[in-house]
Amino acid sequence: MLRRSKIFCLGLPESFRSSLSLPAGKLIVSDNEAISGLRAYATVGDIVSQRHQSNLKIVDAKTRRSSVVERKVAAGDIKAVVLNPRGCISLNAFTMLHSVRSGVVFVVGEEDLLVTPLLYLRPGFTILYGQPGVGVVEVVGDVARALKVLKILKPVLVEADIKQVFDHG
């Protein structure tokens, strides 16, 4: 049984998608091998979270939006399960990221835009996220940088299957 509900989100307009796909910080690339062993306060993305050390890991069990990656997270490490539809930052995700300081936040939906709330909520802390097909981006939390992104997002109501959150909890 599906539990369809509308949730409040800040949605990314189509016209800004390409500009937000550019690295927001220092891009780390490697010619021949996968980058691993970096250390940061938070990692966003499954591959980055698996290869690098962090206090807080934000994952959705997907990479490149379609391929499901093997879930290498112990159930006891999951501190929160959040609903965050594609192309949005949900109020649910933003609130949980405010309160969860360590462990794993499992995202039902997509975690890509959740770098922005971390920039806002954790000024001065280092965040790593993947730049698909290129490398890893290292960015330091900065309220001003986060506000630039938050200003272009538009309030939207998104229909979502909230049952998925309970299935992963």
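Biologist: Which helices and strands each supply at least two residues of the lining of the largest pocket?
Modeller: Helix 1 (17-20), helix 2 (46-51), helix 4 (115-121) and helix 5 (143-152) do, along with strand 5 (62-63), strand 10 (126-131) and strand 11 (135-140). Helices (H or I, at least four residues) and strands (E, at least two) are DSSP runs, numbered from the N terminus. Bear in mind that this is a predicted model: local features need pLDDT of at least 70, side-chain atom pairs count only at pLDDT 80 or more, and totals for chains, interfaces and linings use all residues. Residues are numbered from 1 along each chain as its sequence is written, and side-chain values use heavy atoms, with hydrogens and water left out.

Biologist: Which element gives the most to that lining?
Modeller: Helix 2, with four residues.

Biologist: What lies nearest the centre of the largest pocket?
Modeller: D112, Y129, G130, Q131 and P132, out of 46 lining residues. A pocket here is an open set of points on a 1 Å grid over the protein atoms alone, where a 1.4 Å probe fits, with protein on both sides within 12 Å along at least five of seven lines; lining residues have an atom within 4 Å of a point.

Biologist: How much space lies in it, and how do the lining residues divide?
Modeller: About 1300 Å³ for the space, where grid points are joined across faces, edges and corners and the volume is what probe spheres set on the points fill. The lining has 19 nonpolar, 13 polar and 14 charged residues. For those classes, Ala, Val, Leu, Ile, Met, Phe, Trp, Tyr, Cys and Pro are nonpolar, Asp, Glu, Lys and Arg are charged, and the others, Gly among them, are polar.

Biologist: Switching to charges, how many salt bridges does the whole structure have?
Modeller: Three, counting a side-chain nitrogen of Lys or Arg within 4 Å of a carboxyl oxygen of Asp or Glu. Side chains of opposite charge can pair when their charged atoms come close.

Biologist: Which residue does R17 meet in a salt bridge?
Modeller: E14, at 2.9 Å, N to O. R17 is partly exposed at 26%, while E14 counts as exposed at 59%.

Biologist: And what does E138 pair with?
Modeller: K26, at 3.8 Å, N to O. E138 lies in strand 11 and K26 in strand 2 (residues 26-29), so this pair ties together parts 112 residues apart in sequence. E138 itself is partly exposed, with a relative accessible area of 24%.

Biologist: What about E110?
Modeller: E110 forms a salt bridge with R86, the closest N and O atoms being 3.7 Å apart. E110 is in the loop between strand 9 (103-109) and helix 4, and R86 in the loop between strand 7 (78-84) and strand 8 (88-90), 24 residues apart.

Biologist: Are those two buried or exposed?
Modeller: E110 is buried, at 9% relative accessible area, whereas R86 counts as exposed at 51%.

Biologist: Where is P85, and what is it in contact with?
Modeller: P85 is in the loop between strand 7 and strand 8, and it is buried at 13%. Contact means heavy atoms within 4.5 Å; leaving aside neighbours within four places in sequence, P85 has I7, C9, S90 and V158. The C-alpha atoms of P85 and C9 are 8.3 Å apart, though the two are 76 residues apart along the chain.

Biologist: Last one, what is the phi of A61?
Modeller: Positive, about 65°, although A61 is not a glycine. A61 is in the loop between strand 4 (53-59) and strand 5, and it is buried at 12%.

Technical notes: Buried means under 20% relative accessible area, exposed over 50%, partly exposed in between (1.4 Å probe, protein chains only).
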